[in-house]
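Grab a pencil and have a go at these exercises. Try each task yourself before you read the solution.

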Amino acid sequence: MSAQSDTQGPVTTVYKVTGMTCAHCEGAVSEEISEIAGVGSVAAVAASGEVTVVSETPLDEEAVRAAVDEAGYELVGTV
């Protein structure tokens, strides 16, 4: 690890999730992803299928995939 990572600010990652159709879907996905350690905020948009996550450090994609799966949806990948 470099010294730069110690001073790095928040990381914003946009994920593509399939199956979201309404505000309830957005809430379910947001709630599950919010439980991952280091996540500061989550904004899910059903219309685009995009979920924007701001975290302290880059997240493990498998952890995000598991959270999305737990909510009942499918993580396609990052945008």
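**Exercise 1: Trace the fold**

Going from the N terminus, the elements of the chain run β-α-β-β-α-β. Helices (H or I, at least four residues) and strands (E, at least two) are DSSP runs, numbered from the N terminus. The model is predicted, so local features need pLDDT of at least 70 and side-chain atom pairs pLDDT 80 or more, while totals for chains, interfaces and linings use all residues. Residues count from 1 along each chain as its sequence is written, and side-chain values use heavy atoms, without hydrogens and water.

Task: how many helices and strands does the chain have?

Solution: tally the elements, and you get two helices and four strands.

**Exercise 2: Check the packing**

Solution: 

**Exercise 3: Find the core**

Task: which residues touch the most other members of the largest nonpolar core?

Solution: 
- Step 1: such a core joins buried (under 20% relative accessible area, 1.4 Å probe, protein chains only) Ala, Val, Leu, Ile, Met, Phe, Trp, Tyr and Cys residues through side-chain atoms within 4.5 Å.
- Step 2: out of 21 residues, pick Met-20, Ile-33, Val-51 and Tyr-73.
- Step 3: β1 (11-18), α1 (23-34), β2 (39-45), β3 (50-55) and α2 (61-71) each give two or more residues to this core.

Methods: Buried means under 20% relative accessible area, exposed over 50%, partly exposed in between (1.4 Å probe, protein chains only).
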